[in-house]
Amino acid sequence: MSNINPELKPFVLRKFAQSKNYPPINWSLNDLPKWLKNDIIQLRIASMKHEMGKIIFEKMCLTVNLEAEQFIQWLKGEYSIPYDEEEEILSSTHWAYYDYKPAADNFVKEFTEALSFDKLGINGKFSDETVWIGSPGAYTPCHYDSYGYNLHLQLKGTKRWILFPPETDLSPSRIPYEESTIYSLFDIIGGQLPSNGKQQQAYCTYLNEGDLLFIPPKWWHSVLCSEGDERCGGIFSVNKWFPLESDEEERKKECIVGCLASLIDRENENSIENQEEQFLHLDSIISEVLQIQQTKNQPINKKPRIENEKEEFGEKQMYEFYNKYKSVAEQISPMSFNELKNEISNKKFMVFKSEIKDTVIDDGKMRLIIPPEINELPYTENIRKLLNAFTHESTLENVLKLMQDEI
Ligand SMILES: [Fe+2]
């Protein structure tokens with residue numbers, strides 16, 4: 001893990017957007033339809049009822065297409081999403097997340113440009129700001145990203161961030177497989193933490209309107225939409241990943257992981273049914289790993305790569321940013337795992353209802369709507385262990401070395 005420096009800690013620049021007159025800080029979520037290229041948006045939806053130990057990974061959520069206008073009304077509690085014949089999805093019983101949406105793909109030019117981090121005085125050649133709009137309770141399970149470092153800017157409502165240093169053992173897993181995302185198997189959102197964590201520390205902070213968070217490379221993070229904004233109850237933020245030189249090495253490892261995941265995971269969009277194609281794909285990945293030749297069909301990384309930005313981005317630029325703002329930023333005080341458990345069960349921010357085992361209750365007509373077939377991931381425990389062993393950091397480093405020695 002070459003790009004980990006224990007000196008780097010997350011920090012918050014409060015009211016950063018206001019101080020830079022960043023235009024989107026004055027936007028209203030009511031205008032969402034005007035920002036979009038398309039009227040219809042895709043949402044991830046899940047119940048507010050949380051069963052302890054059960055992480056709702058992205059793939060386990062219900063996916064719903066909705067008009068942007070209806071989403072805003074739903075956030076305000078003025079619209080219910082029909083589901084099945086008798087059931088409906090309400091913002092009081094479910095959360096919804098319009099997440100991980102590249103601004104350039106989804107927003108019209110004028111609003112994409114206004115969202116650029118250039119407007120914050122943080123230069124970036126590529127316009128790859130990513131937009132997140134959720135309702136209270138929407139969350140991203142605890143994970144860390146393979147590449148780069150991350151700046152996350154809150155624009156509406158409040159988000160709770162729980163961060164752990166890279167060395168924290170949170171049971172990393174590549175299942176479910178998500179390109180460049182390493183999940184923890186601990187249900188951090190539900191307050192589940194490793195019991196051997198006495199000496200370990202967590203960092204928890206709440207981002208409010210205009211606050212910018214610096215997330216150093218490889219830091220674990222569990223992110224929860226905690227409080228909606230006053231006008232429509234939504235939580236809106238924008239982030240940007242910045243590449244590092246060391247991403248190049250990570251990219252080779254990601255290629256191997258993607259290849260192994262595609263062999264195991266038939267449900268995965270990256271898996272290839274046709275065996276001949278699969279071998280061709282495998283071959284191109286190996287070529288890339290070994291850098292024998294550059295292939296045109298490189299796997300698509302959702303996060304920025306270094307490639308043509310070597311001049312402008314990398315470790316040097318990260319430290320410049322870090323040193324420029326560290327002294328004026330709010331440092332996040334570390335807390336023990338016990339303190340973190342208290343924080344998670346803090347009444348003010350506890351958005352989840354108590355744990356449940358049954359699925360047919362509530363007010364008589366509402367059921368837990370996650371359909372059983374997507375409630376569970378299609379892997380056995382043994383498959384998970386196998387893939388995790390093969391994609392372990394030490395295995396990947398060894399594989400890369402052995403492959404390069406072969407030439
Ligand atoms: Fe992340």
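This is a predicted model: local features need pLDDT of at least 70, side-chain atom pairs count only at pLDDT 80 or more; totals for chains, interfaces and linings use all residues.
A nonpolar core is a set of buried Ala, Val, Leu, Ile, Met, Phe, Trp, Tyr and Cys residues joined through C-beta atoms within 7 Å. Residues are numbered from 1 along each chain as its sequence is written.

Let us begin with the core. The largest one has 79 residues, of which Leu43, Phe71 and Leu163 touch the most other members. Leaving aside neighbours within four places in sequence, Phe71 is in contact (C-beta atoms, placed from the backbone, within 7 Å) with Ile41, Leu43, Leu66 and Tyr98. A second, separate core has nine residues, including Tyr177, Ile256, Ala261 and Leu396. Across the chain, buried residues make up 38% of the 407 residues.

Now for the secondary structure. The chain has 12 helices and 18 strands, which are DSSP runs numbered from the N terminus (H or I, at least four residues, for helices; E, at least two, for strands). Seven of the strands form an open sheet in the order S11-S12-S8-S15-S10-S13-S18, with antiparallel pairing; strands pair if DSSP finds at least two bridges between them. Strands S11 (172-178) and S18 (334-335) stand at the edges with a single partner strand each, so one side of each has no neighbour in the sheet.

Even so placed, what is the state of S11, buried or exposed? Five of its seven residues are buried, so S11 is largely enclosed by the rest of the structure. Three bridges join S11 to the antiparallel strand S12 (residues 181-184), and Glu178 has Thr181 as its bridge partner there. Two residues lie between the strands of this hairpin, where Ser180 takes a positive phi near 60°.

Finally, look at two helices. Helix H6 (residues 247-264) packs with helix H12 (residues 393-406) at an angle of about 100°, their axes 10 Å apart; axes are lines fitted to C-alpha atoms, for helices over the stretch in contact, and angles run from 0 to 180 degrees between N-to-C directions. That makes H6 roughly perpendicular to H12, a label for angles of 65 to 115 degrees (under 35 is roughly parallel, over 145 roughly antiparallel, the rest oblique). Lys252, Lys253 and Ile256 of H6 meet Leu396, Val399 and Leu400 of H12 in this contact.

Conventions
A residue is buried if 20 or more other C-beta atoms lie within 10 Å of its own, exposed if 12 or fewer, and partly exposed in between; C-beta atoms are placed from the backbone. Two residues are in contact if their C-beta atoms, placed from the backbone, lie within 7 Å.
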